[in-house]
Amino acid sequence: MYDAVNSRYTYKNSDVLKNKLDIRDEETLKEYEKRIVAVKLVSIIKIVKDNFGNKFDERRLKFIHMHLFSEVYDFAGQYRLENITKDNFKFSEYTYIEENIKSMRDNMSPEDVKSFDNFIDTAWR
């Protein structure tokens, strides 16, 4: 699942993320995460709009992450403290997450924020 064996985020000698249900099978965790996130996506746009309006910042992104994954992972909505990859996709270097978010925010127009919301609204459907 994650290329981070012996990470602070995975079970010992495993690449499965530590999770609230203590699921240690990769496929079972993927399916559980998918189902939880699918349910959460139904309400995310309204909740985000009510809390943040059109403001796009790191608080908004952390809130989205927390809302989508808080029932699965204790670390939902928090910045990572190490680098990880998933299925050959390398996430932002953990030391640059804040900087990358600020750069993305500074380059987004109101139309980009609307497009981002549309993306979130239609994801996993």
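**View 1. Glu-31 and Arg-35 both lie in helix α1, four residues apart, which is about one turn of the helix.** The model shown here and in the other views is predicted. The side chains of Glu-31 and Arg-35 form a salt bridge, with an N to O distance of 2.9 Å. Glu-31 is partly exposed, at a relative accessible area of 36%. Arg-35 has a relative accessible area of 58% and is therefore classed as exposed, the cut-off being over 50%.

**View 2. A salt bridge joins the side chains of Lys-40 and Glu-71.** The N to O distance is 3.1 Å. This pair links distant parts of the chain: Lys-40 belongs to helix α1, while Glu-71 sits in the loop between α2 and β1, 31 residues apart. Lys-40 counts as buried, with a relative accessibility of 14%. Glu-71, at 39% relative accessibility, counts as partly exposed.

**View 3. Glu-26, Glu-27 and Lys-30 belong to one network.** The three residues are joined by salt bridges that share partners. The count of salt bridges in the model comes to eight.

**View 4. The side chains of Arg-8 and Glu-82 meet in a salt bridge.** Nitrogen and oxygen are 3.3 Å apart. Arg-8 lies in the segment before α1 (26–52), and Glu-82 in the loop between α2 (58–69) and β1 (85–86). The two residues are 74 residues apart, and the pair links distant parts of the chain. Arg-8 is partly exposed, with 47% relative accessible area. For Glu-82 the relative accessible area is 18%, under the 20% cut-off, so Glu-82 is classed as buried.

**View 5. Helices α1 and α2 pack at an angle of about 145°.** Two packed helices are described by the angle between their axes and by the distance between those axes. For α1 and α2 the axes are 7 Å apart. The crossing in which α1 passes α2 is right-handed.

**View 6. Residues of α1 meet residues of α2.** On the α1 side, the contact includes Ile-36, Val-37, Leu-41, Ile-44, Ile-47, Val-48 and Phe-52. Glu-33, Lys-40, Ser-43 and Asn-51 in α1 also take part. The residues they meet in α2 are Arg-59, Arg-60, Phe-63, Ile-64, His-67, Leu-68 and Phe-69. By class, the contact has eleven nonpolar, three polar and four charged residues. Lys-40, listed here in the contact with α2, is also the salt-bridge partner of Glu-71.

Definitions and conventions
Residues are numbered from 1 along each chain as its sequence is written. This is a predicted model: local features need pLDDT of at least 70, side-chain atom pairs count only at pLDDT 80 or more; totals for chains, interfaces and linings use all residues. Side-chain values use heavy atoms; hydrogens and water are left out. A salt bridge is a side-chain nitrogen of Lys or Arg within 4 Å of a carboxyl oxygen of Asp or Glu. Buried means under 20% relative accessible area, exposed over 50%, partly exposed in between (1.4 Å probe, protein chains only). Axes are lines fitted to C-alpha atoms, for helices over the stretch in contact, and angles run from 0 to 180 degrees between N-to-C directions. A crossing is left-handed if the near helix is turned anticlockwise from the far one by less than a right angle, and right-handed if clockwise. Contact means heavy atoms within 4.5 Å. Ala, Val, Leu, Ile, Met, Phe, Trp, Tyr, Cys and Pro count as nonpolar, Asp, Glu, Lys and Arg as charged, and the others, Gly among them, as polar.
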